[in-house]
Structure formats: C-alpha cells, structure tokens
Amino acid sequence: MLVKDLMNPSVVSVQPEDSVALAAQLCSRHNVGVLPVCGEDGRLRGVVTDRDIVLRCVAAEEDPARTPVREIMSRGCASVSPEDDCREATRVMGRQQVRRLPVVDQGRLVGIVSLGDLARSSRFDMEAAKALSDISENIIRL
C-alpha cells in the first residue's frame, strides 16, 4: 500500500511570515499538533508544532502576535512521497522520532500521514507499533 492511499489530503498549513499566534489558533481550531510551513508556491519549508510554539515562543517570552513562524519552525523536516510504500513512512517516523509526516510531491505539500493513519490500516499495524516503540524508547532515554 502506498502513502497516498492512507494520507490526509486536507492539510492546514501556515506561511513563514504568518504569526505564531495565528499558528496557535489554527492548531486549536483544527485540533492538530503540527502545521506544515509552506511558501506561497506551496513548497514545504518546515513544520511548526504546538511544542515549538510553547518552548520557542511563549517560554522564551516572545510575543506570539509579533513573532513570525519562520523564527520558531523546524527546518529540514522529514517527509515522504505519495508514491512511497507505507512501510517506508513508518521507518522514517521511527528514525526521525515523529508521529506525522508531510507528504510532498515535487517539493509541494499534498497531504500528511500520521502514525494513527498507518495504525488504522491492519496491513501496517505492526510497522506502526514498531515506529511508536522506537519513538517512545528514545523519549524515555531523554
């Protein structure tokens, strides 16, 4: 099975110049913990998580309304192609310690796939469990 068969093509994203306050509002409104950051051309530039918002902005006593997302986002984030096998997505998640991956086609964001998406597919529940185990194991070490 391919990533495109399980990914969610409806992705809420922000642009690098958007405020952290807007990113937080979008996370809350859409009940998500990660937002892809895309340029006007739709190309993935990075991701911003609810954790980034708290640690890199709020805890650092920056003003979320005046801080652009580009100042707190993670660059060089892992991604997968819609044509990648789902097993590859679980391996990337485990290796990169993430539960969600942007899905990128020719540099442009086309969806997002989560560990939950993979776990709901009975064909990949073992791979998803392994990825979660890898992620959890490294969290415990910290």
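Guide: The protein chain holds six helices and five strands, where helices (H or I, at least four residues) and strands (E, at least two) are DSSP runs numbered from the N terminus. Read along the sequence, their order is α-α-β-β-α-β-α-β-β-α-α. The model is predicted, so that local features need pLDDT of at least 70 and side-chain atom pairs count only at pLDDT 80 or more, whereas totals for chains, interfaces and linings use all residues. Residues are numbered from 1 along each chain as its sequence is written, and side-chain values use heavy atoms, with hydrogens and water left out.

Of the 142 residues in the protein chain, 39% count as buried; buried means under 20% relative accessible area, exposed over 50%, and partly exposed in between, with a 1.4 Å probe and protein chains only. The accessible surface of the protein chain is about 8100 Å², and carbon and sulfur atoms account for 47% of it, the areas coming from the Shrake-Rupley method with a 1.4 Å probe, where for residues only the protein chains shown count as cover.

Strand β1 runs antiparallel to strand β2 (residues 44-49), and five bridges join the two; strands are said to pair if DSSP finds at least two bridges between them. Within this pairing, valine 34 stands opposite threonine 49 of β2. The hairpin formed by β1 and β2 has five residues between the strands, and there glycine 42 takes a positive phi near 85°.

Strand β1 also takes part in the lining of the second largest pocket, to which β1, β5 (108-114) and α5 (115-120) each supply at least two residues. A pocket is found on a 1 Å grid over the protein atoms alone, as an open set of points where a 1.4 Å probe fits, with protein on both sides within 12 Å along at least five of seven lines, and lining residues have an atom within 4 Å of a point. The volume of the second largest pocket is about 240 Å³, a volume being the space filled by probe spheres set on the points, which are joined across faces, edges and corners. Its lining has 16 residues, of which Asn8, Ser10, Val32, Arg100 and Ile112 lie nearest the centre. Sorted by class, that lining has seven nonpolar, six polar and three charged residues, with Ala, Val, Leu, Ile, Met, Phe, Trp, Tyr, Cys and Pro taken as nonpolar, Asp, Glu, Lys and Arg as charged, and the others, Gly among them, as polar.

Leucine 101 belongs to strand β4 (residues 100-105) and is buried, with a relative accessible area of 1%. Apart from neighbours within four places in sequence, its contacts (heavy atoms within 4.5 Å) include Val80, Val92, Met93, Ile112 and Val113.
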